[in-house]
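Here's a quick briefing to read alongside the sequence and the 3D view. Have both open, and we'll go through one residue and then the ligand surroundings.

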Amino acid sequence: VFHPQHILVTGGAGFIGANFVHWVARNEPSVHVTVIDALTYAGKRENLDGIDADRLTFVHGDICDAALVESLITGSSPENTLPPIDAIIHFAAESHNDNSILDAAPFLRTNIDGTYVLLEVARRHNLRFHHISTDEVYGDLALDEPRKFTELSPYKPSSPYSASKAASDHLVRAWHRTYGVRATISNCSNNYGPYQHVEKFIPRQITNILAGIRPKLYGQGLAVRDWISVEDHCSAIWTILTRGRIGETYLVGSNGEHSNIDVLRMILERMGQPADAFDHVNDRPGGDKRYAIDATKLMTELGWQPRYTDFAQGLDDTIAWYAAHRDWWEPDKNATEEKYRLQGH
Ligand code: NAD
Ligand code: DAU
């Protein structure tokens, strides 16, 4: 078992990264966290509000800046009394498929070049490295086949985003095999929960309704996503970081398959809207049909279990969060909807 004392969390001001930092603050009180985040459109410093200042160091910076990342590891200042950083937990990424279709350049830079910079730092300083990745690297499944993704599924990414994440996974595997970097990878399915940007499916529909805009369904809404509470993803990451076998990949999911139309209907019903109060909009070019995760390896090898498997309850909690945090999402709403309007979404 690995007992980290001081972890470097990249992308810790984004959706999953911020939830993970809060998770660590609640569950692992002896661990210090340094966050590096570029605060792109997707990151907010306030996502980390409420965490004790003596448990968290926040650095506003870019993971592609090798000198900056190196300086965080060597911690040159004499008044630095923190234990040295012993692990990198790598969340930072451009994460939205639709954006990657408009302009892939920032995806190649952050997701590929950024991962390379971090791997080189991990190699030089012999740091434990955990890479957060996605089930999208495996492409998609047919709607009607019983098969799910496993750790042995072939890489077959569909979008510029998922291709860039697949590339980053390959770099991590190569740095483990060639240089012995103590790396693990997790590939997770679709997360939901607080702090998720309003560009993503569930927050977009909830905040549309709260803002008096009709929800928008791509195509007929038959695509299936395998939804997992972000809390369960966080506990899985901690499990793999501390007890995962070096060099291994673990899939993370909690049997949450639902079609988009079913999720939208659940949201409409829970928010007191008629079942047909939404618009059909352009489908995503090359959009993946279905994702489904077989998490047997993580559950049997490492004993991980999801706790938040009641999806209807999870949606209720998420709706309540967005209703109570208008100040958090309203500043992003108009620009996001305008960008979608231009894409016919
Ligand atoms: P997000 O877009 O909400 O957050 C990304 C964060 O990274 C932001 O805070 C942003 O400011 C930061 N960032 C972007 N470029 C950076 C750079 N060059 N340097 C430093 N920081 C930078 O994304 P998310 O949904 O929280 O996803 C986090 C990770 O989890 C990603 O690697 C993503 O591929 C992976 N993932 C996401 C899901 C999901 O359902 N959202 C599922 C599986 C895996
Ligand atoms: O599977 C993990 C992936 O899940 C992560 O790697 C990505 O970072 C994350 O963004 C997510 O990707 P998706 O493309 O599955 O998520 P998104 O929320 O963009 O869309 C989910 C589905 O809903 C997809 O079939 C498109 C559809 N959709 C999306 C939006 C924004 C709609 O029908 N309407 C919408 O308004």
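This is a predicted model: local features need pLDDT of at least 70, side-chain atom pairs count only at pLDDT 80 or more; totals for chains, interfaces and linings use all residues.

**Gly114**
- You'll find Gly114 in helix α4.
- Setting aside neighbours within four places in sequence, Gly114 is in contact with Ile63, Cys64, Ala92 and Arg109.
- Asp62 is 52 residues away from Gly114 along the chain, yet their C-alpha atoms are separated by 8.2 Å.

**Around ligand 1**
- Ligand 1 is surrounded by 31 residues, and the closest are Gly11, Gly14, Ala42, Gly43 and Ala93.
- At least two residues of this shell come from each of α1 (15-27), β2 (32-37), α4 (105-125) and β5 (128-134).
- With three residues, α1 gives the most to the shell around ligand 1.
- By type, the shell around ligand 1 splits into 14 nonpolar, 13 polar and four charged residues.

**Around ligand 2**
- Ligand 2 has 21 residues around it, with Ser95, Thr134, Phe201, Tyr218 and Ala223 the closest.
- The elements giving two or more residues to the shell around ligand 2 are α6 (201-211) and β8 (216-218).
- The largest share of the shell around ligand 2 is three residues, and it comes from β8.
- As for type, the shell around ligand 2 has five nonpolar, nine polar and seven charged residues.

Technical notes. Residues are numbered from 1 along each chain as its sequence is written. Chains are lettered from A and ligands numbered from 1 in the order in which they are written. A residue is near a molecule or strand if its C-beta atom, placed from the backbone, lies within 6 Å of it. Helices (H or I, at least four residues) and strands (E, at least two) are DSSP runs, numbered from the N terminus. Ala, Val, Leu, Ile, Met, Phe, Trp, Tyr, Cys and Pro count as nonpolar, Asp, Glu, Lys and Arg as charged, and the others, Gly among them, as polar. Two residues are in contact if their C-beta atoms, placed from the backbone, lie within 7 Å.
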